[in-house]
Amino acid sequence: MHSSLWLGALIVLPLVGAMVAMIVRRRPGASYVVAVGFATLEVVVSLVVALLYSSHVTNAGTFDFVSRRVVSAPLGLAYDVALDGVSLLMVVLTALVLWLSLLGGRDRRREPAFVSWLLILTGLTMGAFVSHDVLEFFVFFELTLVPCYFIISGWGGRERSRAALKFFLYTFSASAFLLIGILYMGFAYQHQHPTSGLTFAYGALSSTAMSHPVAVWLFVGFALAFGAKAPIWPLHTWSPLTYAEAPTAGSIELSALLAKLGSYGLLRFAVGLLPAAQVSVRPYVLTLAVIGILYGSILACVAKDLKRFVAYSSLAQMSFITLGIMSGSTIGVTGAVLLMFNHGIITIGFFLIIGFLERRRSSIQIADFTGLQGPAPVMSALFTIAMLASIGLPGLSGFVSEYLILIGTFTTHAWWSAVAALGVLASAVYLLWAYQRVFHGRAEGANAQVADASGGERWVLVPVVVLIVVLGVFPKPVLDRITPSVHNFVTQVATAGAFK
Amino acid sequence: MSHLAPLILVLPLLGFLLVVLNGKSLSDRGVGLIATGVVALSFVVTVITFVLLLHDRTREVTINLFTWISVDTLHVPAAILVDPLSITMSLFVTGISALIHLYSTAYMEGEKDFRKFFLYLNLFVFSMLTLVLANNLVLTFVGWEGVGVCSYWLVSFYFDRESAASAGKKAFVYNRVGDIGLLLAMFLLFVHTHTLTYLGIFSSTSLLSPAIATLVVLALLLAATGKSAQIPLFNWLPDAMEGPTPVSALIHAATMVTAGVYLLVRMSPVLALSSSGRMTIAVIGGVTAFVAATIATAQKDIKKVLAFSTVSQIGYMVLAVGVGAYGAAIFLMVSHAFFKALLFLGSGSVIHSLGGEQDMRKMGGLARWLPLTFPTFLVGWLSISGVPPFSGFWAKGDVLSNVFAHNKPLWALGVVTAILTAYYMSRLFMLTFRGSERFREVTHQHDPHESPLAMTAPLVILATLSLLGGLLDLPWAHGFSLTRFLSPTFGFVAPSAAQSTTLQTGLALVDVVAALIGLFAAFTIWRTNVESSTFERPFFEHVWRWDDAYDAVLARPLEHLAQVSNDVVENRIIDGAVEGLGGSVQRSGEGIRKLQAGLVRQYALAMVLGVTVIVVYLVGRVR
């Protein structure tokens, strides 16, 4: 068992970084340097945590870095952190997303505020991923909306206010159902265990006894909240507008990271706390996931700008994650967790390159581009790698996760998996078509003048490419950390689901 | 051997990495040398491995490299299986690849993307070898997809040409349809046998019910139709001719497109469980062979004729698989690799000499200008036409006599196809090498020139192989033949009644007569004609309207669906509902609207404070 201070550091470091960045805001560029420094430190700490974790608890599949301190007994508020293989992967992703979006999505307008919001967002997201108390999770989950809102409305495109507001209202209203559900469970538990005080500890709430219909309604509420974030079809309509209007770093944070908060919540809290309900609801959520895969793919085909394109392709990918989470199979859930990470990395690649194109042409309209492979071969090669990983080409990271999801789901719900396999075809259609329109053909006019990726731009994408290739060829170290935790989780859920 | 065999794979990958990492510091010549050298070395290693395997008692060696994926009950090692089937495949893949690499160093000289071409080519060889050497279906899938993506890159090599870009995409997407089949086959096998290694599956075939086995076989067939360009997914292959000609020879004739046949043969122990599945395979193969042959009779582009000819020949191989004649299928695959690579490279030499012209109406009379291309092409032509003693005669005869034993109507269709094959190939030969010289306009009155040695040497070697390839599996050499060597890897198929020598001779005679009819017809018609509306049916020229039908039935309805999804479902229904909800809330309070207009920051913070207040309030009330 390791000290929970490591996790505390992960939450506090970015917040301190934000403060320091604001303190040095008068000196030009200083806040950026501070932010990058703290982000690098955060990545290092997250990797240290990953190494410490692996050496001890991996095979037990239990929680590490555990600590629970009650903050306010009457309110049931507690600081309660713990880490298993699933949250570990999300922690590393959170740190990487911050680091890469700072390096590749630099925005010089009001820079101190920009980097501070990014750092704050990271601290809050870290908090959500390591929370082992449901109310604590909710607070972090909900607070992430604030920095997101300001990043979109402050540094976004022409329709930024509308996009920011839509995003805020959408996810905020949806999470009201989550809050109601959490409170209900807390009070129900207190009612059943009069001697213990009000608590929202994960372990406690998972043993709350409930009638089946109530549990199903709670699940629906949870699914609404997490489904709006993930997104699950049809709760996705904020995402195309928001991704398109957000600045590069904002789009990355939203799709690579915050969407995962939705999937993570669905897995840990909806499935984990309501095991019996999820069994009855499973076919419906699986169906929504399959619809999302096909629907997202179809709309990606007709998307007119590159960010909306990625938004819809993300809907399809996130639906694959939902499919895996709801599969009830260790293989499927492991694939889903791995895809949460892989999709994050791949999406960073996409949005960074789109950001580079936007710098050059001040446009993200697909129709404005053609033949870029001629003037910008390196950039198109980098895009190709992200594209092929997203298509699920074996040897690159996307394949392993997608394959595990499909084969895992097939063992429990063969028909859903068989239809979802059409997504494998669909992703090739929309991605290759977009690639053809943007990079193939003859470059003329402004397109012929597009500069290839600069040295800095290439270096930012190196970690992305390395992760895509390494996790495709040798995913074992990562899978070995996820699988035991997922196996325990799935077994517990299955036992509890059958028992109730 | 266990130390040597992985080198077969690693060498081409090494070539790829060497060029990627030192791309800038190497000259074009150096790149060509490295790329060709590693593949040639890989061939040498394959030969050594082959000899070692011959002396191995079990003739089945699994070499574990590392654990690739291992989750719960799913274990996928990165491991290779060296057995007679995989080593036969590796031998001709590396051998022909080495020749085509050499050819390409001259053919692609001066191209802007010379290095990139060889990068893709080396990566292709690596993928193809992964496909055939893998010891499990998932690793085969790695190679399967790898060759697909290399094909995509190489077909759209001239990416500034719209048609090339579209052809590359079409090839990949059609292949992906087939890939779904391979995925589903894997899923079914995993659920029922709990393993995905070939040997594991074969030892637990008893766990597969007949119905499941049939489903698996049909899914595998779908995979094969995509990769091997069979009905209903064959029409990407002619478009793929947009790629440089060496690519057409290597990927779209000799190696990648035969992967589907390889997969079926590899899975023959599962095929053995489903006679209805095998029947479907046979029908698909026989019909594809015939349909593609009719199309080939009406094409004007020399490469298109060869492309449809490839589809047709692979149809024969699939037909052979369907009747359980796996040895014949591989025999035809190997000899087809020889003569079709020869024909493609020969046509490349022709195209090269005419400065890029591919229309046969603008060729003619090239025999005297191309002193090496002409005789080697002649060997290829006679071989594919089924004239003894060239390899094509033996291989096709082997397939047809096996089909005769199982299914008479399909045999008859096969013979008709043989007539058509001899006919369209002779037409191509006549239009290209005989008759009047119609190319002067294209070459600006210059004389065509023979290609350099790097291009003609592979032609000579391939011509020799096409001539002698029949020796691999002569019908009377039962003791030491390809089929005998391969047979331990095949699934059991009930042997048909032994054919008498008289019957075999009779069948061979039928084949010869079929070839002669085709040759004669073509000589009569195409000695004088260059075009003929009677003999080049528009229906055949337009590929039986196959693409038009897909457009009408699939593409356009899907486009329509996409538009409707976007305009109506997404924007009006789903988002309309959301906006409507939001709007009504907004209208209900003027204050909120004001907040939205001017006080966004406070608004957001108020929301968060709101959460806290709600929590405190609820908690307080319950207490």
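Visitor: At what angle do the axes of α6(B) and helix α8 (residues 210-227) of chain B cross?

Guide: This is a predicted model: local features need pLDDT of at least 70, side-chain atom pairs need 80 or more, and totals for chains, interfaces and linings use all residues. Residues count from 1 along each chain as written, with chains lettered from A and ligands numbered from 1 in written order. The axes (lines fitted to C-alpha atoms over the stretch in contact, angles 0 to 180 degrees between N-to-C directions) come within 7 Å. They cross at roughly 155°.

Visitor: Are α6(B) and α8(B) roughly parallel or antiparallel?

Guide: Their axes cross at roughly 155°. Angles over 145 degrees count as roughly antiparallel. The two helices are therefore roughly antiparallel.

Visitor: Which residues of α8(B) make the contact with α6(B)?

Guide: Contact requires C-beta atoms, placed from the backbone, within 7 Å. From α6(B) come, among others, B:Tyr174, B:Gly178, B:Leu182, B:Ala185 and B:His192. On the α8(B) side stand B:Ile212, B:Leu215, B:Val216, B:Ala219, B:Leu220, B:Leu222, B:Ala223, B:Thr225, B:Gly226 and B:Lys227.

Visitor: Which element gives the most to the side of chain B that touches chain A?

Guide: There, 49 residues of chain B are in contact with 58 of chain A. Elements supplying at least two residues each are β1 (61-71), α5 (137-155), α6 (162-193), α23 (546-588) and α25 (600-622) of chain B. Helices are DSSP runs of H or I, at least four residues; strands are E, at least two. With 14 residues, the most comes from α6(B).

Visitor: How far apart are the axes of α15(B) and α17(B)?

Guide: These are helices 326-353 and 391-406 of chain B, packed at about 155°. They are therefore roughly antiparallel to each other. The axis separation is 9 Å.

Visitor: Which residues of α15(B) make the contact with α17(B)?

Guide: The partners on α17(B) are B:Ser391, B:Gly392, B:Ala395, B:Lys396, B:Asp398, B:Val399 and B:Asn402. Facing them from α15(B) are B:Ala328, B:Phe331, B:Leu332, B:Ser335, B:Phe338 and B:Phe339.

Visitor: Which residues does B:Val261 touch?

Guide: Residues up to four places away in sequence are not counted. The list is B:Ala224, B:Ser228, B:Ile314, B:Met317, B:Val318, B:Val321, B:Ala329 and B:Met333.

Technical notes:
Contact = placed C-beta atoms within 7 Å. Parallel < 35°, antiparallel > 145°, perpendicular 65-115°, else oblique.
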